[in-house]
Amino acid sequence: MAIDQDAVWEFGAADGDLTLHTGVAGRAARMGHRLTIAMTRWQASVSWVAGQPDSATLVVEVDSLEVLKGEGGVKGLSGPEKILVRSNALKSLSANKFPEIRFNADSIEKTESGYRLSGKLQIRGAEREHAVDLRTAELADSWRLSLQSTVRQSDFGVKPYSLLMGSLQVADEVTVSFTATPPKP
């Protein structure tokens, strides 16, 4: 994936999907839903130097969180329950105080299937080192980008939501999936 010049490449939610997948934990885990959540407003920026990616930033608007579905549980996840789940998630993330999640990659290394991006992930005001392996494929007039990464909520001061005095909980680890097909700059 080489770009011929020094450039800044920007793309966003219109070019792909950013989703979160939660699990359930606790003694009553069979009663809970494994959630699929979309982040519907995000912007990515990649700076290129001498035709190679030099740094990257991803900014996600926390209040763009949308509950797509819940699998498992005693019964299906209804529309009102999706609204309640969204509300609880926004409270857990302190969205009013911390409206953005950011990933700033200051180190980008070429790998066999794409690039390894290393930098700082900031959630709810807490910042931690994080690395992701971005898979890339060149298409005729665009790039296919994809990755999966695991984030532990408690590392960022997020207390996983729980019910029934803790016997039903959202699992601490959340899987983040990203796919995009942005046009070539």
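This is a predicted model: local features need pLDDT of at least 70, side-chain atom pairs count only at pLDDT 80 or more; totals for chains, interfaces and linings use all residues.
Residues are numbered from 1 along each chain as its sequence is written, and side-chain values use heavy atoms, with hydrogens and water left out.

I begin with the sheet. Its 11 strands are arranged in the order 1-5-6-8-9-10-11-14-2-4-7, forming an open sheet with antiparallel pairing. Strands, here and throughout, are DSSP runs of E with at least two residues, and helices are runs of H or I with at least four, both numbered from the N terminus. Two strands are said to pair if DSSP finds at least two bridges between them. At the edges stand strand 1 (7-12) and strand 7 (65-72); each has a single partner strand, so one side of each is left without a neighbour in the sheet. On average, neighbouring strands of this sheet are turned by 20° against each other, direction ignored. Axes are lines fitted to C-alpha atoms, for helices over the stretch in contact, and angles run from 0 to 180 degrees between N-to-C directions.

Let us turn to strand 7. Helix 1, residues 79-92, lies across both strand 4 and strand 7, and runs at about 120° to strand 7. Contact here means heavy atoms within 4.5 Å.

Next, I consider strand 8. Strand 8 (residues 100-110) pairs with strand 6 (residues 52-61) through six bridges, in the antiparallel sense. Which residues stand opposite Arg102 of strand 8? One is Val59, and another is Gln122 in strand 9.

Finally, I come to the two loop residues. Ala50, in the loop between strand 5 (42-49) and strand 6, has a positive phi of about 55° although it is not a glycine. Arg124, in the loop between strand 9 and strand 10 (126-138), likewise is not a glycine and has a positive phi, near 55°. Are these residues buried or exposed? Ala50 is exposed, at 66% relative accessible area, whereas Arg124 is partly exposed, at 28%. Buried means under 20% relative accessible area, exposed over 50%, and partly exposed in between, using a 1.4 Å probe and protein chains only.
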